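Here are my notes on the model, point by point. Please keep the structure open while you read.

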Amino acid sequence: MLKYFLKPLDRYVLAEFWKIFIVTALGFPVLVVVIDLVDNLEKYLSKDIPRANIALSYFYWLPESMFMVLPAAVLFATVFSVGALTRHSEITAAKASGISFHRIIRPIILGAFFAACIDGVLGETMPITNRKRADLLEEARFRLDSLRFNFAFAAEQGRVYKAGILDRVEGTIEQLQIERKGKGPDYPTYMLSARGAKFTKSAWALDSGALHIIPDSTRDVTITFEKAVDWRFTERPLDLMAKPRSPQEMRYSELTRFITALERSGANANVLRVERMLKIAIPITCIVIALFGAPLATSTQRGGAAWGVGISLAVTVIFLILVQLTKAIGSKGVIPAEVAAWIPNALFGVIGFILLARVRT
């Protein structure tokens, strides 16, 4: 359908960009998979994990490995496609025909926009596939400790459990809170607090607490109880001893609910706030990096594949270092967590616009 909206030059440039992008976007994750498999195959086999499960786990790992790679794939595709046009004097010929450099790279920006959309979808898909991978590799092994103190546990259906003391052996919890974010009167928010709880065969029996039902911002219906059973609280004590889900195992909405629950309990959620914003910032990087890479590919007369690989790898490493640096700064509260996630994009965007302004059109 795009051929009806794109001119022949646009289709030619976009095709060159897309070929390199697909090879890079698939090639890097495959390389990462091979390296990880070589490092961990012996460990997986020692756990008696079936080979079919190992193979399927790496298939489920592709969305996560591609999520961070797509901006780099866009950069490689931009640098190599623009570099090839420059070396073959095609950009010079286009300029001689009255076509500006900004007009030439318009299809590349379009391709970067589609890459950003794909990356956004991958960001929401990888929590699901990561959970399936963890199940296949039996990563959710339960800790052998008998006690766990002051923790939050993100469960299904948006429920978050906060416990003072969990005794795995006795199957009891002291100082339990359960929160669920609602959507309105038909699906209200509620917060349950109980002095304690004990696990039965299939659910938890709660002792001395109160249930606050909040249909909207103006109402709070409170129900107190001496004894109750929460039939939706089906996680076993061993389940609650398991390591909490990482940000990569939670979708944007799940992560938002978890952050809200942590902040209500007084915990510091800056690290998670940065991770949540990166779910948006990383896909947008695809567009920013294309604006940065296109003029950079014409800023030297060296040319050649070695130059393209070198400059792409250098920029990718610098960008990843910046992401890790700003994550650390944001997690410490030096600057707002949400702002920290956008610093690499802002920096590369400013440099990209400066380079675009200096390119001869």
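1. Strands, as the term is used here, are DSSP runs of E with at least two residues, numbered from the N terminus. This is a predicted model. Strand β3 covers residues 172-180, and Gln175 is found in it.

2. Look at the backbone of Gln175. Its phi is near 60°, a positive value in a residue other than glycine. Is Gln175 buried or exposed? Gln175 counts as exposed because its relative accessibility is 53%, and the cut-off for exposed is over 50%.

3. Ser208 also deserves a check. Phi of Ser208 is near 50°, again a positive value in a residue that is not glycine. Ser208 sits in strand β5, residues 204-214.

4. Next, the surface. Which residues make the nonpolar patch of about 270 Å²? They are Val30, Val34 and Val38. Val38 belongs to helix α1, which spans residues 8-46. With a relative accessible area of 64%, Val38 is exposed.

5. The largest cavity has a volume of about 80 Å³. Its lining includes Met68, Pro71, Ala72, Leu75, Thr285 and Ile289. Val315, Thr316, Phe319 and Leu320 also line the largest cavity. The elements that give two or more residues to this lining are α2 (51-87), α8 (270-296) and α9 (305-331).

6. What is the make-up of the lining of the largest cavity by class? There are 8 nonpolar residues and 2 polar ones. No charged residue is part of this lining.

Methods. Residues are numbered from 1 along each chain as its sequence is written. This is a predicted model: local features need pLDDT of at least 70, side-chain atom pairs count only at pLDDT 80 or more; totals for chains, interfaces and linings use all residues. Side-chain values use heavy atoms; hydrogens and water are left out. Patches are made of residues with over 30% relative accessible area and no salt bridge: like charges are joined within 9 Å, nonpolar side chains (Val, Leu, Ile, Met, Phe, Trp, Tyr) within 5 Å. Accessible areas come from the Shrake-Rupley method with a 1.4 Å probe; for residues, only the protein chains shown count as cover. A salt bridge is a side-chain nitrogen of Lys or Arg within 4 Å of a carboxyl oxygen of Asp or Glu. Helices (H or I, at least four residues) and strands (E, at least two) are DSSP runs, numbered from the N terminus. Buried means under 20% relative accessible area, exposed over 50%, partly exposed in between (1.4 Å probe, protein chains only). On a 1 Å grid over the protein atoms alone, a cavity is a set of points where a 1.4 Å probe fits but cannot get out, and a pocket is an open set with protein on both sides within 12 Å along at least five of seven lines; lining residues have an atom within 4 Å of a point. Grid points are joined across faces, edges and corners, and a volume is the space filled by probe spheres set on the points. Ala, Val, Leu, Ile, Met, Phe, Trp, Tyr, Cys and Pro count as nonpolar, Asp, Glu, Lys and Arg as charged, and the others, Gly among them, as polar.
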